[in-house]
Amino acid sequence: MKPYPFEYTRVSSLEEAVTLLQREDEPRIIAGGQSLVPILAMRLAAPSRLIDIGGLSALRGIERRGDVLRIGALARHAEVMASAEVAEAVPLLARAISHVAHPAVRNRGTFGGSVCLADPAAELPAVCTALGATFEVFGSDGLRTIPAREFFLDIYETALAPDEILVAAQLPVACPKERFGFEEIARRHGDFAIVGLAVRARMEGTLFAELDLCFFGASPRPVLAQNAARAVIGQELTDETQQAAVSALTADLDPQEDAQADAEMRLHLAGVLLKRRLAEIAGKERQQ
Amino acid sequence: MSEPRQSVSLTVNEERHDVTVPNRKHLADILREDLGFTGVHVGCEHGVCGACTVRIDGAITRSCLVFGVQADGAEIETIEYLSAQSETRDLVDTFVAENALQCGFCTPGMVISAAALLAETPDPTREEVRAYLSGNYCRCTGYQAIVDAVMMTAAGRRAAKGERA
């Protein structure tokens, strides 16, 4: 499996990358390449030019800025996994990152690359959606921000304009009253999930005051299960509220069939994950 | 369209090589075909099987998921070099002693990945070994002997340290 031929430019500035994006017929940005290279090898895409942004040091780094943790688009998964800042400030991401691919891929794959590929079964888009992260993007009109909840449009489709580049993600720092849950089902550790769930909750005593349930692998994009959340918000977790939340998933999710699972199995697994994670979150709260 | 090419400089196993390669040529193919490091095994060619694992700037990487042009200036280590290093030699010996291979196709990638695991986690559980090596396929052994070999190597290193201490 060899790609079609392509031109290749390693850029030294964001401006140079944007100029090339505007000038080329069919350009593609490459960073770590851990998703793009297989896509090219299988000839699912045939870009005229690869624009390598891997050398742009301004896109690196993980940094706490007040209430947000800013993760550069070129931060590698291995860096995120090893980061004490991530572990402390964004525990949901710390839990999710070990499920992202395999060690050799985590050494090169980037945070921004995973976000921009927008694979519906990927962990990082779901974490960003669950937390209400914000993306900084750079284009011909300069910098702008896009909320994560408006960024993921469909399978491999995002709100990025053709001449825009993701620069960084801003993830809200966790508050003491927040609880998080993460679980996915995959046939092999490190593979894309069949179905997964990232949860952010804020508890008031035993009541769920706020609840964001982001499923991945269960729809053509990461999806907040709002009907399921409404079945629990303002209430304690009981058998009844739990069952109501699971039943509501039918209205929230649009599971697709592929070689790994059919739609019915995905919906069932989503319910299993929802029950487990709600119980974990409610249980933790009771122990305090 | 003529094949677009670029010249790249790669340091492989401590020796510098300057080669002009097609932009679309995977690092794995350059290492094998242009430079003769055929210990780099090319299995799936899309980042699933792990047989082409090498070290780039010290970090294990799948060389089929990197184009040579992206690796310009990088320092690369392959099994030809690593199997002679003290950090890997005992792993190779234990793989042989424990029959942790049958056809041997996955072995270079498996050894390089296992060496990275033991560098990070000198005392892993069997589950940690399985999780870490989940990105390396073996179609012969069923993995049991591979996990055995990694565990025995870890135990051997701890024993050696204990003896010295």
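Biologist: Which domains make up chain B?
Modeller: Happy to start there, with a word on conventions. Residues are numbered from 1 along each chain as written, and chains are lettered from A in the order written. In this predicted model local features need pLDDT of at least 70 and side-chain atom pairs 80 or more, while interface totals use all residues, and side-chain values use heavy atoms without hydrogens or water. The bounds come from an automatic or database domain assignment, which divides chain B into domain 1 (5-81) and domain 2 (83-164).

Biologist: How much area do domain 1 and domain 2 of chain B bury between them?
Modeller: Buried area is the accessible area (1.4 Å probe) that two parts lose on being put together, summed over both. Carbon and sulfur atoms carry 58% of it here. The total for the two domains of chain B is about 1,400 Å².

Biologist: Which side chains meet in a salt bridge?
Modeller: A salt bridge needs a side-chain nitrogen of Lys or Arg within 4 Å of a carboxyl oxygen of Asp or Glu. That rule finds one across the interface of domain 1 and domain 2 of chain B. At 3.2 Å, N to O, a salt bridge joins the side chains of Arg55(B) and Glu87(B).
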